Amino acid sequence: MLKAAGAAAGAVGIAATVSPSPAAAAPAAYAHPGLLHTRADLARMAVKVKDGAEPYTAGFARLTANRHSQTNWTPNPQAIVYRGSGSPQNYATLYNDIHAAYQNALRWHVSGDAAHGDTAVAILNAWSAKLTSVQGSADRFLAAGLYGYQFANAAELVRDHDGFELERFQKMMLDVFHPLNESFLADHNGAVITNYWTNWDLTAMCGVLATGILCDDRAIVERAVEYFKHGEGLGAVKKAIPVVYDDGLAEWLEAGRDQGHALLGVGLMGTFCEMAWNQGIDLYGYDDSRFLKGAQYVAKWSMGGDVPYTANTREKGAREGWSGTETAAEAAGVDPARTRPIWAMIANHYTKRRGLSATYLTQITAKSGPEGGGGDYGPNSGGFDQLGFGTLAFTRDKAKGTAASPTPEASATASAAASDPRPQTGGAPASPSASASASPAGGDLAATGSNDVVAWTAATGVTALAGGLLLLRRRNKAGGQSQ
């Protein structure tokens, strides 16, 4: 039985019937790196930038120009992070440090400059040695979800770096961030299920999924995927995108709220789908590519296009206490100049991996690029809700032949039990993006064009063998927004 969290930040499970508890679950052998970026992605970035290929070099220039990506960054870890009214808010310290860790880790992989990898590790180790709690008003749940999934992505990029305290970092994720994410999805802070808009659920969902993959916990990953498909809250895909129209567009629920939160939600759902894809789980294509239709809708609307909107009324309030309703009658107004670094990832999946037509995604991606990251979109928390740099990270050649799907290796990884019969090698790579022992894990070698395969094999020294690639996997060293 679930216990109500109310205003407290207690740890509870999502539902007793969904899956076993993390402690009882057998660990899965997930592909690493395997959140937003796979080994093949990182190798592609490195090769393209080295060769001076556009738009990769323009995207890399955005990264190197960002003050967070510099090796002189000094972390400022806190024992307790607070977000929300009525608390001594210090969460900006956390999100600035997370983005510095992520950006330095990404620069390390693309450039091979060891100083950037060392800087990322120093930031992450400093926080895992000190942070004990995330607190505050209801906004603490936003902090746990947003900064949880981002923290996990930064850590995933350096998980095999000498000196990184992976087990300690995993423990921090499971003890500090994960309980809040699970609690929110299970109890919604003691509120009626529709009280919190779509982006609230999606932050928690991203946090749960990223933690499960980082910590090799199948039960946690399965909970997140199940919630995406069938969750009770407004972040589940059919509730976030409630109406599919005959023209191939599908209404994004928060378009009836405002543009900023709708963009946040689309970016978060794209992040969720990309992380799942890289473990062989295709949510991009779930329910006849429902997310594609919703993203196209938001892209058209954000550029000033006319879109239909079916009025909806949601209940608000506490389960025990005040209650009321709120009706969104039409799509809100937009500023066509407003953007977030969310589009390159989504557009490249559907148009390049899948070879589908996505006119509005293509247009808004071109308009928004080259994408920057945290610190490039204003100093407040909303400018740090996405890790960004999608032009560099997600631009890819169009897949040849049939529509892409997650690679057999990643699909097997996602459903495997604890044993992993695949070849494994140990040791940290001399170059982060060019190691023969590194795995091109996730959905990218099979899902990208032949040019990416050639680039990856050239960078790693692994050759194509009898119609396929020898896939080697590195051994795992470890045994905002207002309501």
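## Packing of α3 against α5

Helix α3 passes helix α5 in a left-handed crossing, as seen in this predicted model. The axes of α3, which covers residues 91-111, and of α5, which covers residues 139-157, come within 9 Å and cross at roughly 30°. Since angles under 35 degrees count as roughly parallel, α3 and α5 are therefore roughly parallel to each other.

On the α3 side, the contact is formed by Tyr91, Leu94, Tyr95, Ile98, His99, Ala101, Tyr102, Ala105, Leu106, Trp108 and His109, which meet Tyr147, Gln150, Phe151, Ala154 and Leu157 of α5.

Helix α11 runs over residues 286-302, and at 1.5 Å a residue its 17 residues should span 24 Å, a value with which the 24 Å separation of its end C-alpha atoms agrees. Of the 17 residues of α11, 15 are buried, so this helix is largely enclosed by the rest of the structure. Just after α11, Gly304 takes a positive phi of about 100°.

## Arg396 in its loop

Arg396 lies in the loop between α14 (390-394) and α15 (408-415). Because buried means under 20% relative accessible area, Arg396 counts as buried at its relative accessibility of 2%. Arg396 and Ala344 are separated by 52 residues in sequence, while their C-alpha atoms are 9.8 Å apart in space.

Conventions: Residues are numbered from 1 along each chain as its sequence is written. This is a predicted model: local features need pLDDT of at least 70, side-chain atom pairs count only at pLDDT 80 or more; totals for chains, interfaces and linings use all residues. Side-chain values use heavy atoms; hydrogens and water are left out. Axes are lines fitted to C-alpha atoms, for helices over the stretch in contact, and angles run from 0 to 180 degrees between N-to-C directions. Helices (H or I, at least four residues) and strands (E, at least two) are DSSP runs, numbered from the N terminus. Angles under 35 degrees count as roughly parallel, over 145 as roughly antiparallel, 65 to 115 as roughly perpendicular and the rest as oblique. A crossing is left-handed if the near helix is turned anticlockwise from the far one by less than a right angle, and right-handed if clockwise. Contact means heavy atoms within 4.5 Å. The expected span of a helix is 1.5 Å times one less than its number of residues. Buried means under 20% relative accessible area, exposed over 50%, partly exposed in between (1.4 Å probe, protein chains only).
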